Amino acid sequence: MHLFKTTKGIVLKRDENVQFVTDHWDQLIANENLYDYLSRLEVSPTEDAREAISRHLLAPIGTQEIWACGVSYYNSQMARREESESAGGGDFYTRVYHAERPELFFKSAAHRAAGHLQPVRIREDSSWDVPEPELTLVISPSGKILGYTVGNDMSSRSIEGENPLYLPQAKTYEQSAGIGPGVLISKEKPSPSTEIRMEVFRDNEIVFQGITEISAINRKLEDMVTYLYRELDFPAGAYLMTGTGIVPASEFTLQPGDRIEIEISGVGKLIQTVVRG
């Protein structure tokens, strides 16, 4: 089942039944037994709820923070090593890829996140920008994984490559975190064969496409959550992007007007357009 946040209210989609729920978003994410709770709700589908999903979507988030785990795929480790070698940071990424402790960083406050069909930004002071498609965990206040959404970790590779200490500027800015279109609520872990696909369109022509499976993640999802929650309190829960295995070649950079389409099997398809500044 999926939860969607819209301007008309929160919508639950169970099979072909689409209905509004009266709970607040934070109240839902704080429910440790969210799947069971939603499964027991009386079925009361409406056409207004279906229309809300098709026409009035918002980013599926309340007051949660969005965090991210980096260098969790081999492809990402190699790309980061390449971009930062001239700054003397190439070895850092290889070491963190193999380390027990993951790289974790703050990505976005909820109000800066961009939802389905909302624009994502590239920085005015960046010359090399890429989208990073990521399975994103939706986590309860106690650290339980409640569900999954599609994430787009917009990144300035020119700024991060200049100096690894610039990572917060390369990663964290207005509309740099895309999430949506909704949240898959499930008791089951995604299958290792779950595919993540990304296509970038420019003037309606594909200029980049890539595919990976979450089996390529070199860490357990639960271990990422454990490290995130080790010394942090999340009263409203948290979202955690789990890294990217799709890395465009160094000659590729996003341009204003590009359309990014990211699809994760069973989770959803997130479409966003790029703007600058």
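This is a predicted model: local features need pLDDT of at least 70, side-chain atom pairs count only at pLDDT 80 or more; totals for chains, interfaces and linings use all residues.
**Ground rules.** I number residues from 1 along each chain as its sequence is written. I use local features only at pLDDT of at least 70 and side-chain atom pairs only at pLDDT 80 or more, while totals for chains, interfaces and linings use all residues; side-chain values use heavy atoms, with hydrogens and water left out.

**Salt bridges.** I looked for each side-chain nitrogen of Lys or Arg within 4 Å of a carboxyl oxygen of Asp or Glu, which is the definition of a salt bridge.

I examined glutamate 51 and arginine 55, whose salt bridge has an N to O distance of 3.0 Å. Both belong to helix H3 (residues 47–55) and stand 4 residues apart, about one helical turn. I took helices (H or I, at least four residues) and strands (E, at least two) as DSSP runs, numbered from the N terminus.

I then checked accessibility, using a 1.4 Å probe and protein chains only: buried is under 20% relative accessible area, exposed is over 50%, and partly exposed is in between. Glutamate 51 is partly exposed at 33%, whereas arginine 55 is exposed at 61%.

I next looked up glutamate 195 and arginine 197, which form a salt bridge at 2.9 Å, N to O. Glutamate 195 is partly exposed at 23%, and arginine 197 is partly exposed at 42%.

I also noted a network of salt bridges that links Lys107, Glu132, Asp153 and Lys171.

**Arginine 259.** I found this residue in a salt bridge with glutamate 261, with the closest N and O atoms 2.8 Å apart. Arginine 259 is partly exposed at 24%, while glutamate 261 is buried at 11%. Arginine 259 also lies over the face of phenylalanine 201, 4.3 Å from the ring centre. For a charge over a ring, I required NZ of Lys or CZ of Arg within 6 Å of the ring centre and within 35 degrees of the ring normal.

**Aromatic pairs.** I counted 4 aromatic pairs. Rings of Phe, Tyr and Trp (its six-membered ring) pair if their centres lie within 6.5 Å; planes under 30 degrees apart are stacked, over 60 edge-to-face, and the rest tilted.

One of them is the tilted pair of phenylalanine 208 and phenylalanine 252, at 5.8 Å centre to centre and 40° between the planes. Phenylalanine 208 lies in strand S13 and phenylalanine 252 in the loop between strands S14 and S15, so the pair ties together parts 44 residues apart in sequence. Phenylalanine 208 is buried at 15%, and phenylalanine 252 is buried at 9%.
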